[in-house]
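Hi there,

Here is the structure I promised to pass on to you. Please open it and keep it beside this email as you read.

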Amino acid sequence: MVSEERVVFDNGTHQNILLEDYGHGEMVQSNVHFIVDSGEGILLDPGGHKVFKHLVSEIGGLIGLDNLKYIFLSHQDPDIVAGINGWLMTTKATALSSVLWTRFIPHFGVDKFAVSRIKGIPDEGAVITLGSTELYILPAHFLHAPGNLQIYDPVSKVLYSGDIGASLGQDYVYVEDFENHVQYMEGFHKRYIPTNKVLKAWVKMVRELDVETIAPQHGAIMKGKEIVNSFLDWLENLPCGIDIMEEAYRKPTKKFEG
Ligand code: FE
């Protein structure tokens, strides 16, 4: 039974669910999102080995493992991909990743006969069918990985933004006070996003979509047009990466003390 807080959207045939958080210890808090349409599912950024067995049983209970059609990998980081071999071995799902990473993902230990089920999405993105609806795989390159993809669901109007909008350290699932929430997002975006130019390009694309909810892979979900717009306004003008780090490129002077 999924708690009410974790049902992001449900119209009877189409559900957007934030799966239970099975991460703990030294792992960075990660959200695993799940979209179901007419009984068919797509799992977003399933993460590593420690959460794998829990997620398998949760999905088995929700739709049955055989109805998992896709596993979406927004980029190549271990908190997204590390457990992929288990997923390919226990389900019939096709894994979707940027074409940039299909030759690298096998290094996470993908068995030879499962490798062909990792499909590369080209830089321009793609439209995929889930149940009786279509989902958009959006280009989000350099946000933060050079090959980076996101999912837009036009039924629920949820944009699954991967690491964009990621927050760390807050104790709530949904953002209520955007101004106060900025402190939990700022550090990550300033350090991991290469330059503001790419944020501006992404914000322009997102403003052309009808987005009600932004659901990142870490931290709190931004629900409602007002919060979504506040986020886009903030991001659009955020200096980050090389915009603010040029002075870091010099010979170090401090001894590493371990
Ligand atoms: Fe990442």
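Predicted model: local features only at pLDDT ≥ 70, side-chain atom pairs only at ≥ 80, totals over all residues.

Below are some notes on the metal site and the nonpolar cores.

Residues are numbered from 1 along each chain as its sequence is written, and side-chain values use heavy atoms, leaving out hydrogens and water.

Which residues coordinate the iron ion? They are His75 (NE2), Asp77 (OD), His144 (NE2) and Asp163 (OD), at 2.1 to 2.2 Å. Donors here are N, O and S atoms within 2.8 Å of the metal (3.2 Å for Na, K and Ca); water is not among the atoms, so sites may look incomplete. Along the sequence, the donor residues follow the spacing H-x1-D-x66-H-x18-D. Histidine 75 and histidine 144 are both buried, meaning under 20% relative accessible area (1.4 Å probe, protein chains only).

Proline 146 has its C-alpha atom 8.5 Å from that of histidine 75, although the two are 71 residues apart along the chain. Beyond its neighbours within four places in sequence, proline 146 is in contact (heavy atoms within 4.5 Å) with Leu100, Trp101 and His141.

Now the cores, which are sets of buried Ala, Val, Leu, Ile, Met, Phe, Trp, Tyr and Cys residues joined through side-chain atoms within 4.5 Å. The largest has 30 residues, and Phe34, Ile84 and Trp87 touch the most other members. A second, separate core of 28 residues includes Phe178, Val211, Met222 and Leu232.

Happy exploring!

Technical notes: Buried < 20%, exposed > 50% of the residue type's maximum accessible area, 1.4 Å probe, protein only.
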